[in-house]
Amino acid sequence: MANPTFKLASYNIHKAVGTDRKRDPSRILKVLGEVDADVVILQEADRRFGQRERTLPDFLVEQHTDYMPVPFDVQHDSMGWHGNTIMVRRDIAVLEHDVLHIPYLEPRGVVTATLRLPTGPELTVFGMHLDLSGLWRVRQARAIAELARVAQEQRPTLLAGDLNEWRPNGGCLKEFARHFTMLDCGRSFHSQRPMGRLDRIMHGAPLEAVEFGVHHSPLASRASDHLPVWGVFRIPD
């Protein structure tokens with residue numbers, strides 16, 4: 001019998017504002033339903049200014065999905081840390097979680113969680129949204145990759161997020177590639193006419209990527225300016 005698989009997705013939800021300029025959190029949740037991942041890494045999950053309120057209200061997540069947000073509880077009324085958060089299916093145990101400070105030109109942060117899947121294996125995930133500046137992206141990637149390398153020594157590790165990197169192989173991607181395998185999920189930005197591979201998923205050994213791609217549906221093309229990317233993984237014996 002083949003080892004069980006799990007699915008991870010990464011999605012910049014643009015504060016739940018779609019290409020029609022309407023804020024519609026229920027539309028984002030419907031897209032997540034289409035993707036049907038076990039673990040979801042979100043970017044821009046909070047409003048940018050003021051109290052940085054969450055854009056996916058708890059009651060909507062609870063009533064309309066099988067997910068629960070990892071309880072980072074850093075910023076009042078926010079889902080995560082600088083807009084980054086992690087949601088997992090309710091049968092996945094959250095063993096540890098933390099927020100990480102990284103070098104930045106504009107406020108940026110990283111979220112991480114250690115999870116136990118229903119089938120037993122444990123894994124660590126990192127979620128991020130990197131800087132618009134190439135110089136700062138490289139610095140951020142170097143810091144994150146080193147933290148993830150240490151985590152990888154304990155258990156299988158995945159990283160995902162909006163890297164803001166337009167180059168196919170250069171810039172911050174080189175820093176991650178020193179320790180992790182980068183999946184070419186496809187073009188995810190802009191959602192109505194995808195041109196950039198800004199959203200990425202990376203994994204370390206012994207994880208195997210079974211399949212991966214971009215979720216491009218009519219609803220996803222309207223719900224945000226990014227499309228979700230996803231990967232299905234197996235942990236070999």
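**Ground rules**

I am working from a predicted model, where local features need pLDDT of at least 70 and side-chain atom pairs count only at pLDDT 80 or more, while totals for chains, interfaces and linings use all residues. Residues are numbered from 1 along each chain as its sequence is written, and side-chain values use heavy atoms, with hydrogens and water left out.

I then clicked on Val125 and listed its neighbours. Leaving out residues up to four places away in sequence, Val125 touches Leu8, Ile41, Ile86, Val111, Thr112, Ala113, Leu115 and Leu158.

**Sheet with S6**

I traced an open sheet of six strands in the order S5-S6-S7-S8-S10-S9, and its pairing is mixed. (Two strands pair if DSSP finds at least two bridges between them.) S5 and strand S9 (181-183) are at the edges with a single partner strand each, so one side of each has no neighbour in the sheet. On average, neighbouring strands are turned by 20° against each other, direction ignored. (Axes are lines fitted to C-alpha atoms, for helices over the stretch in contact, and angles run from 0 to 180 degrees between N-to-C directions.)

Next I zoomed in on S6 (109-116). Seven of its eight residues are buried. On one flank, S6 runs antiparallel to strand S5 (93-101), joined by eight bridges, and Val99 stands opposite Val111. S6 also pairs with S7 in the antiparallel sense, over seven bridges, where Val111 faces Gly127.

S6 and S7 make a hairpin with five residues between them, and Gly120 in the turn has a positive phi of about 120°. Buried or exposed: what is Thr119? Thr119, in the loop between S6 and S7, counts as exposed at 52% relative accessibility. Its C-alpha is 9.3 Å from that of Ile92, though the two are 27 residues apart in sequence.

Further along this sheet, S9 and strand S10 (199-203) run antiparallel with three bridges; Met182 has Met202 as its bridge partner.

**Helix H3**

I checked H3 (134-152) for length: its 19 residues reach 26 Å from first C-alpha to last, close to the 27 Å expected at 1.5 Å a residue. (The expected span is 1.5 Å times one less than the number of residues.) Its buried residues are Arg137, Val138, Gln140, Ala141, Ile144, Ala145, Ala148, Ala151 and Gln152. They cover an arc of only 165° around the axis, which puts them on the same side of H3. (The arc is taken from the directions from the helix axis to the C-beta atoms.) These buried residues pack against S6, strand S7 (122-129), strand S8 (157-162) and helix H4 (172-177).

**The other sheet**

I found another open sheet of six strands, with mixed pairing, in the order S3-S4-S2-S1-S12-S11. Strand S3 (67-69) and strand S11 (208-214) are the edge strands, each pairing on one side only. S1 and S12 are antiparallel over six bridges, with Lys7 bridged to Val232. Helix H1 (25-35) packs on the sheet, touching S1, S2, S3, S4 and S12, and its direction makes about 150° with that of S1. In H1, I noted Pro25, Arg27, Ile28, Leu29, Val31, Leu32 and Val35 as buried. Asp36 follows H1 and has a positive phi, near 60°.

**Last stop: Pro168**

Pro168 sits in the loop between S8 and H4 and is exposed, at a relative accessible area of 59%. Beyond its neighbours within four places in sequence, Pro168 contacts Leu173 and Arg200.

Note on methods: Helix = DSSP H or I, 4+ residues; strand = E, 2+ residues; numbered from the N terminus. Buried < 20%, exposed > 50% of the residue type's maximum accessible area, 1.4 Å probe, protein only. Contact = heavy atoms within 4.5 Å.
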